[in-house]
Amino acid sequence: MDATIVPKMQKHYPVLLKEIISVISPQHGGTFIDCTFGQGGYTKKILDFENTNVIALDRDIESAKIANQLKESFKDRFIFKNIKFSQLKNLKLKNENIRGVIFDLGYSYTQIKDSEKGLSFEANGKLNMQLGLNNYSAEDAINKLDEKELEKIFKFFGDEKEAKYIARNINKERSKNEIDTKSLVEIIDKSKKRKNFKIHNATKVFQALRIFVNKEISELIYGLINATKVLKKGGILGVVTFHSLEDKIVKYFFKSLSENKSISRYSPLVKQADTLFNLIQKKPITPSEEELSENPPSRSAKFRYAIKKTDFYNFDTDIEEKFRNYIEIEKYGDKL
Ligand SMILES: C[S@@+](CC[C@H](N)C(=O)[O-])C[C@H]1O[C@@H](n2cnc3c(N)ncnc32)[C@H](O)[C@@H]1O
């Protein structure tokens, strides 16, 4: 979701569900990986089809409660793991027949309503923003990083034009008082000369901090690489993104692996496909008018997918190089 504001609707709504199901076609059976289980919206729908199995992941332990309920109904057809999707390779799925891997990035309605997580600038109390399995919080970042580092986080992860003034004012304020959610919003308001009338003044900085605290860029890059490895020939990799940086990464990954030779030269295979992916649809799929009216926060959702053309496990990609700058910024967190 693009804005870290609590949506007015009352329940979780699985974004682009119909479109995703139509692309991955679980009616033919098979094993699917739901990398972002959340409230289980996609998983439940897949398991409703006979002969399907789902391996679901989520970094938020709260998801385990819903997963336990599903386990009662679907037994061995369903497995839940409380891990980050970048760790997909630890599941040793190399020889499984995986037909589809799905990512629905970001956070759910339930998470943004959880005031302890502090994802919203409307929340009261301490800065946090950890979705689960994190090493540091937004409070650590705001209080311990250098002014220059904060500026880069706001600029690169939030596209915040006034990053420099905001970081400078945070640095001044933190020497006097502890910064919580409310005071951070006040600092941003005070720092911004150009007021934004379309989105809240704090939207971009809050998005940037959430990306940084959850290392969302490295998670996405290593998640995509590892998901691609475990897919079998004909398997589908599908990703729903909610902001332009995520979409840029997914678009580049799919495009480069469907245009450049991506199978290693050292492949023992005699007959190889030239490229790893088949990109049937270059443009992303976006929510219908009907979905937009039922669930307005879905307006920023974009769904892209690609089909793997070979069973080959290893492949070459320059995605880390291409987005190295962002990965390096996330590494500021290593010293916190
Ligand atoms: C938008 S919600 C998914 C909603 C889900 N599709 C549904 O229909 O209920 C995103 C979920 O992904 C989880 N998540 C975000 N980043 C993750 C990561 N790197 N690894 C594992 N789970 C992650 C969040 O904790 C959240 O529960």
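The 12 residues of α6 reach 16 Å from the first C-alpha to the last, close to the 16 Å expected at 1.5 Å a residue; the expected span is 1.5 Å times one less than the number of residues. This is a predicted model, in which local features need pLDDT of at least 70 and side-chain atom pairs count only at pLDDT 80 or more, while totals for chains, interfaces and linings use all residues. Residues are numbered from 1 along each chain as its sequence is written.

The buried residues of α6 are L150, E151, K152, I153, F154, F156, F157 and G158. A residue is buried if 20 or more other C-beta atoms, placed from the backbone, lie within 10 Å of its own, exposed if 12 or fewer, and partly exposed in between. These buried residues of α6 pack against α7 (163-174), α9 (203-213), α11 (244-259) and α14. Just after α6, D159 takes a positive phi of about 55°.

The domains come next. The assignment, which is automatic or from a database, gives domain 1 (17-109 + 216-332) and domain 2 (118-214). Their C-alpha centres lie 29 Å apart. Across the boundary, 14 residues of domain 1 are in contact with 14 residues of domain 2, contact being C-beta atoms, placed from the backbone, within 7 Å. On the domain 1 side, the elements that give two or more residues are α10 (216-230) and α14 (324-330). By class, that side has 7 nonpolar, 1 polar and 6 charged residues. Here Ala, Val, Leu, Ile, Met, Phe, Trp, Tyr, Cys and Pro count as nonpolar, Asp, Glu, Lys and Arg as charged, and the others, Gly among them, as polar.

Strand β7 (residues 302-308) is mostly covered, with 6 of its 7 residues buried. Strand β5 (residues 231-241) pairs with β7 in the antiparallel sense over 6 bridges, pairing being at least two DSSP bridges between two strands. In β7, A306 has L237 opposite. Strand β6 (residues 277-278) also pairs with β7 in the antiparallel sense, over 2 bridges, and F277 stands opposite K308 in β7.

How values were computed:
Contact = placed C-beta atoms within 7 Å. Helix = DSSP H or I, 4+ residues; strand = E, 2+ residues; numbered from the N terminus.
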